[in-house]
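Dear colleague,

My findings follow directly after it.

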Amino acid sequence: MKKITIAIDGFSSTGKSTIAKQLAKELSYVYVDSGAMYRAVTLYAMQHNFISSSFFDIEGLVTSLDLIVLTFKYNSAVGFAEVYLNGMNVEKEIRTLEVSNLVSKVAEISEVRKSLVQQQQNMGLNKGVVMDGRDIGTVVFPNAELKLFMNASATTRAQRRYDELIERGDKVTFDEILKNVEYRDFIDSTREDSPLVMAEDAIAIDNSNLTLEAQFEKIYALVLQKL
Ligand code: C5P
């Protein structure tokens, strides 16, 4: 069967990765979480004291980009590929609120974007890929056969994120999560390089009131039209 590229963009915590993983499983495609790559670079910057809540040594990070090796390895126990930073599985470390609070600053840097976009395009060379992020349909794969743009209300999104973090055992409040979601949306959609915008040929999906099953059915029908 013909293989296509599926680009899923949208605001923070709109359930992009949930639908992307479901589609990749159903179609036996590769799933790539591009946000995990920006998060892993942020974790590296934190570990090497290039960034904190009060300073950002952009030059230090940019000159170290060649030392940051990101890889994905499929973990059958969870059913998707987890991200590795210089050989270490960092899937858990990159999801903390601390990383969430700094990642959009790192993602504004053009050199960081250039390096990650190149790696993302390489991962999609053979098609058969579902990638989610902010600039996948506009910059990474402008020729993707199917582009989706996900949205949901800020409170619905913050609630989902909050539930996820609480389930992991993190000590966070709903208010700080809501603030983080709104803050990232603002930076992501107003930055100069590759701001979060809906591609002209993307299909908008608001899933505030959709069950996961209903969302999957709706989107899978769109995929079938492209195969
Ligand atoms: O998808 P996730 O919320 O994990 O992404 C974390 C952050 O990484 C986003 O808020 C955004 O700043 C950045 N990002 C990006 N471009 C992408 C994916 C993520 O700028 N393609």
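Over how many bridges do β3 and strand β4 pair, and in which sense, parallel or antiparallel? In this predicted model, β3 and strand β4 (residues 80-85) are joined by six bridges in the antiparallel sense. Within this pairing, threonine 71 lies opposite tyrosine 84 of β4. Both strands belong to an open sheet of three strands, ordered β3-β4-β5 and with antiparallel pairing. Its edge strands are β3 (70-75) and β5 (88-89), each of which pairs on one side only.

The axes of helix α7 (residues 154-168) and helix α8 (residues 174-190) approach within 9 Å and cross at roughly 125°. Because of this angle, α7 is oblique to α8. The crossing of α7 and α8 is right-handed. On the α7 side, the residues in contact are Ala154, Thr155, Arg157, Ala158, Gln159, Arg161, Tyr162 and Leu165; they meet Phe174, Ile177, Leu178, Val181, Glu182, Arg184 and Asp185 of α8. By class, the residues of this contact comprise eight nonpolar, two polar and five charged.

As to the chain overall, its secondary structure amounts to nine helices and eight strands. The radius of gyration is 17 Å, close to the 17 Å given by the globule rule for 227 residues, so the chain is as compact as a globular protein of that length. The C-alpha trace spans about 50 × 35 × 35 Å along its principal axes.

With kind regards

How values were computed. Residues are numbered from 1 along each chain as its sequence is written. This is a predicted model: local features need pLDDT of at least 70, side-chain atom pairs count only at pLDDT 80 or more; totals for chains, interfaces and linings use all residues. Side-chain values use heavy atoms; hydrogens and water are left out. Axes are lines fitted to C-alpha atoms, for helices over the stretch in contact, and angles run from 0 to 180 degrees between N-to-C directions. Helices (H or I, at least four residues) and strands (E, at least two) are DSSP runs, numbered from the N terminus. Angles under 35 degrees count as roughly parallel, over 145 as roughly antiparallel, 65 to 115 as roughly perpendicular and the rest as oblique. A crossing is left-handed if the near helix is turned anticlockwise from the far one by less than a right angle, and right-handed if clockwise. Contact means heavy atoms within 4.5 Å. Ala, Val, Leu, Ile, Met, Phe, Trp, Tyr, Cys and Pro count as nonpolar, Asp, Glu, Lys and Arg as charged, and the others, Gly among them, as polar. Two strands pair if DSSP finds at least two bridges between them. The radius of gyration is taken over C-alpha atoms; the globule rule is 2.2 Å times the number of residues to the power 0.38.
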